[in-house]
Amino acid sequence: MSVDLATKSLLHDKLRFLITVSGVAFAVTLVFVQVGLFLGLMDNASLTIEHLDADLWVTSHNTANIDFSHTFSETYVKRVRSIPGVARADNLIVWFMNVSLPNGAVEGTEVYALEDFGRWNFPWNVIDGNITDLRRGNYIVVDDSAKKRWGPFSVGEYREVLGRRLKIIGRSIDALSFTTTPLTFMDYRLAQSLNPSDLRGNTTYILVKLAPGANIDAVRAELRHRLPYNDVFTRNEWARRSRTYWVDSTGLGLNMYLTVFLGCLVGIVVVAQTLYTSTMEHIKEFGTVKAIGGGNADIYSILAKQATIAAVAGFALGAVMSYALRPVIEKINLKLVIPTPLSIAVFIGSIVLCLAAAMISFRKVASIDPALVFRT
Amino acid sequence: MSILQAHNVEKHFTEGRETVAVLKGIDFAVERGEIVSLEGPSGSGKTTFLSILGCILTPTKGEVVIDGIAVNAKRLNDVRKRSLGFVFQQFNLFPSLTAIENVEYALNVKGVRGAAARTEAERVINAVDLAERQNFLPRDLSGGQKQRVAIARALAGTAPILLADEPTANLDSTVGTQVLEMFRTLAKKENRALVIVTHDPKVRTIADKVVKIHDGRLSQ
């Protein structure tokens, strides 16, 4: 074993070490939170698409995303059902409606209406009540996230949707939309009756489930042939289209990339600055290393090890801070999604950036004149 | 054969448009076990000459021969590792390393590692009488103790040549004398050549040979 000059020297000045690690941790936290929030929002943008058990989606022409639906004739579903390879097809209405709250306020809700929710395994996480009961009358199931906007509610209470009193017969969790508007589930015919001017005889989507062994491309081609004024997407295409809309139209993607870039920049500047200052302060020590026979490689390895230690410690602190922020962020109905590949990428990125930051110091030590050890 | 020789060494520095000759054809030799005091006024070129002997600078003209081999400018690091030990006026200890770690690290740089490095470091720390303070950081050592650590670092390993730059300049008279005496004893005992650049007349008391440098030339 050798004397670990790099670590001992780094930890010798604890305040500087803390500043270096804080710089990395700040950058790591910024990247985790920004990317995590972005992924969380993107997750919400296509959450319902991914949980509905449909292989193909029929939408009106040029619909941008699941939330901004447009109507078309509900009779088209019959054409879809007649295509070979289609196991089942149902109309789905997604529509924004107003809800009058007991305190007199009016809030919005995004209604998902189907004839048979059970058949589509939707919503996927019902914690109270039975989703099949929706067919029996003026009933709704409301996602728990609505409590933030609607205030507390429980099963058995009533809420007035577009002027009609509807009984809450169940609650779901985890059903969120990109717009953060609370999701309400009701029977298809009930939704049409609430807004007849837009929805009578109309639907907004057709969900298509393929028969086992059916060729998805062939079915889609036939759908396009029979519904020339509609679009047909696979589940993945539709989910991606819904997510991409928000990224492109809101500048969300640009904002995320900019913040990630700035976070990395701040991190690299802090690390480079502290490492460089430290190098300058220890320049005579590095000169001594050279005078006693060490080469540039010995000094590079010291700096590289210090940069790596700062990166690992900063990553650990940043990751802990990011995970600690999760419950706080969830309280405001946002999700911080930190998948393992992101963690690995940020970890590797931290090390690469810290080593890049150390390059400035590398250049400095390469030019050290060992004769400086004789100067007073 | 002398362990360290300099033949007709010249060193020129360029300052602006002028070229200044700091060393003007120096011939010099030191035997194993010999102690040489290199004296001279400020600006006489003695530190430059020490830097050339220590393979830190290369001469503009002439050559340095160590242990019979002319120093190759491309392998200065290797020569420093293998053949030279340094003691500096400012001690130049690593502040984050303890006394024994300072010595052990120098051995690591020279390629000695693990238990062998620790054993050798303990040997030389004992030799400079610092066993009880071997785990102290430099900030907790007196000037004399720091210089003893620096001497131990120079002695660690098998380098046949020790070069010291004003080793007593930052020590009071009594401590300076003690350090010199210790240095002389250890250098003689281990048959190392010792070249001391100094202003301090006390160094003459331990030197076998006094060499004066003046205006870039030697006189004995």
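Biologist: What should I know before reading the model, and what are its ipTM and pTM scores?

Modeller: This is a predicted model, in which local features need pLDDT of at least 70 and side-chain atom pairs count only at pLDDT 80 or more, while totals for chains, interfaces and linings use all residues. Residues are numbered from 1 along each chain as its sequence is written, with chains lettered from A and ligands numbered from 1 in the order in which they are written. The scores are ipTM 0.87 and pTM 0.78.

Biologist: At what angle do the axes of H1 and H12 of chain A cross?

Modeller: Two packed helices are described by the angle between their axes and the distance between the axes. Here helix H1 (residues 5-12) and helix H12 (residues 296-331) of chain A, both DSSP runs of H or I with at least four residues, have axes that come within 8 Å and cross at roughly 55°; the axes are lines fitted to C-alpha atoms over the stretch in contact, with angles from 0 to 180 degrees between N-to-C directions. That makes H1(A) oblique to H12(A), the class left once angles under 35 degrees (roughly parallel), over 145 (roughly antiparallel) and 65 to 115 (roughly perpendicular) are set aside.

Biologist: Is A:Leu336 buried or exposed?

Modeller: A residue is buried if 20 or more other C-beta atoms, placed from the backbone, lie within 10 Å of its own, exposed if 12 or fewer, and partly exposed in between. A:Leu336, in the loop between H12 and helix H13 (340-366) of chain A, is buried because 21 other C-beta atoms lie within 10 Å. The C-alpha atoms of A:Leu336 and A:Glu237, 99 residues apart along the chain, are separated by 24 Å.

Technical notes:
Helix = DSSP H or I, 4+ residues; strand = E, 2+ residues; numbered from the N terminus.
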